[in-house]
Amino acid sequence: MADACLSPLASGDGGCRSHLPGHRMPRMLAEVVRRSPWGWRRGTVVSVSPDGWMLLECRDGALRAVVHAWHHADLADQLRPGAEVRLHQRGGRLEDSPLGLGPAALDGPAGMISLHVAQGPPPVPEPVGLEAWADGDEAVVIDLRTKAPLVLRT
């Protein structure tokens with residue numbers, strides 16, 4: 001069976017099979033997050049400790065914030081201070097978790113890695129005005145039997 005973890009740490013993580021934040025990244029979740037056009041925050045690795053804790057300085061327009069996050073494996077060899085990364089805090093986020101806390105995905109030199117954010121800014125908000133992108137007069141439905149598109153006028 002193929003390894004379900006996209007992190008290069010899959011073979012060296014002590015056999016941990018957890019998919020909780022800060023552990024293994026399920027392939028499907030990694031693909032969903034990777035294909036998300038928004039929700040990303042650019043950042044730089046400030047420090048990584050052998051116990052899995054790291055500091056990231058994130059930038060989102062005028063916002064500059066430090067994110068304190070954790071991964072169960074030692075990432076010091078894969079993530080060096082100064083490395084450019086992208087952080088996505090909305091991938092597996094629980095609606096009732098406090099702002100700035102919870103699961104996140106880090107995309108950087110070590111690949112896509114699941115993190116637990118212990119402290120940081122709230123996730124990037126959803127963009128506004130998406131309705132303007134959609135044509136309100138038409139809806140497209142595909143007939144699964146014939147695979148032909150059906151245009152429905154509202």
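Predicted model: local features only at pLDDT ≥ 70, side-chain atom pairs only at ≥ 80, totals over all residues.
Residues are numbered from 1 along each chain as its sequence is written, and side-chain values use heavy atoms, with hydrogens and water left out.

**Exercise 1.** State how many helices and strands the chain has, and give their order.

Solution. Helices (H or I, at least four residues) and strands (E, at least two) are DSSP runs, numbered from the N terminus. The chain has 1 helix and 8 strands. Read from the N terminus, the order is α-β-β-β-β-β-β-β-β. Helix H1 covers residues 27-34 and includes valine 32.

**Exercise 2.** Is arginine 86 buried or exposed, or in between?

Solution. Buried means under 20% relative accessible area, exposed over 50%, and partly exposed in between (1.4 Å probe, protein chains only). Arginine 86 has a relative accessible area of 23%, so arginine 86 is partly exposed. Over the chain of 154 residues, 35% are buried.

**Exercise 3.** Describe the surroundings of arginine 86.

Solution. Begin with the element: arginine 86 belongs to strand E4 (residues 84-88). Next, list contacts (heavy atoms within 4.5 Å). Leaving out residues up to four places away in sequence, arginine 86 touches Trp40, Arg41, Arg42, Ala105, Leu106 and Asp107. Aspartate 107 is 21 residues away in sequence, with 5.1 Å from C-alpha to C-alpha. Last, a charge sits over a ring if NZ of Lys or CZ of Arg is within 6 Å of the ring centre and within 35 degrees of the ring normal. Arginine 86 lies over the face of tryptophan 40, 3.8 Å from the ring centre.
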